[in-house]
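Let's walk through this model together, with an eye on its aromatic rings and what surrounds them. Have the structure open and follow along.

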Amino acid sequence: GQSDGDLAGTVYQHTVTNLSGTFAHSTVLSASSNSFNITGNLTVPAGKTFQIESGKTLNFVNYYKLRVEGTLNASSATLQGSGYPGSWYGIEFYNATSGQDLSYSTIKDASYGLNFINSDVTFSRPTMRDNTYGMNCTNYSDPVFISSVFQTNGFGVYGDANSHPYLGAYIGYNSFRTNDYY
């Protein structure tokens, strides 16, 4: 797993710019660099937190995924691929629960901007753009989205019959802009 970095209490402060593997500790990206390369699948296990500081960019250099079983805090961050839809897998929330934060973040160039598997989470103000699927829900996933933007995706929102994403009770609750399919 990820074990390099300086220990600060029970949270590792990451100072490297290439990341892959499973975090052994809760981790904060704290390098002076604003850009990090994801060079393999990255997993946040249950009970661990991965915090991406505001203004940081994660570049997925191949078809890798960020799998979140624990907690992701990524306010005002960018998670992106190589400039075209499907160049990386996306963020997969697996058995994830509340406490996630993607406010004012942008997820782009993925197959699945956000992929939910048996996860009930709430998001406020993320932007999913230029993905094959802005959001995909399977296996009893019931995410809630508030003031979110789904823009220029193949499918804005997609899911199975057992999942029930909540996208608002009135017009304007979320924004859907030039997706191929809704």
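Predicted model: local features only at pLDDT ≥ 70, side-chain atom pairs only at ≥ 80, totals over all residues.

Start at Lys 65, whose charged end sits over the ring of Tyr 89 at 4.4 Å from the ring centre. A charge sits over a ring here if NZ of Lys or CZ of Arg is within 6 Å of the ring centre and within 35 degrees of the ring normal.

Residues are numbered from 1 along each chain as its sequence is written, and side-chain values use heavy atoms, with hydrogens and water left out. The predictor's confidence in each residue, pLDDT, runs from 0 to 100. The chain averages 90, and 91% of the residues score at least 70.

Now back to the rings. Tyr 89 also belongs to an aromatic cluster, together with Tyr 63, Tyr 112, Tyr 133, Phe 155, Tyr 158 and Tyr 181. Across the whole structure, the search finds 18 aromatic pairs. Rings of Phe, Tyr and Trp (its six-membered ring) pair if their centres lie within 6.5 Å; planes under 30 degrees apart count as stacked, over 60 as edge-to-face and the rest as tilted. Phe 116 and Phe 123 have ring centres 6.1 Å apart and planes at 45°, so they make a tilted pair. Phe 116 is buried at 0% relative accessibility, and Phe 123 is buried at 1%. Buried means under 20% relative accessible area, exposed over 50%, and partly exposed in between (1.4 Å probe, protein chains only).

Phe 150 and Phe 176 give you a stacked pair, 4.9 Å centre to centre with 5° between the planes. This pair links distant parts of the chain, 26 residues apart: Phe 150 is in strand β18 (residues 149-151) and Phe 176 in strand β20 (residues 175-177). Strands are DSSP runs (E, at least two residues), numbered from the N terminus. Phe 150 is buried at 0%, whereas Phe 176 is partly exposed at 31%.

Finally, visit Thr 106 in strand β12 (residues 106-108). Thr 106 has 18% relative accessibility, so it counts as buried. Leaving aside residues up to four places away in sequence, Thr 106 touches Ala 77, Thr 78, Leu 79, Thr 127 and Arg 129, where contact means heavy atoms within 4.5 Å.

How values were computed. Helix = DSSP H or I, 4+ residues; strand = E, 2+ residues; numbered from the N terminus.
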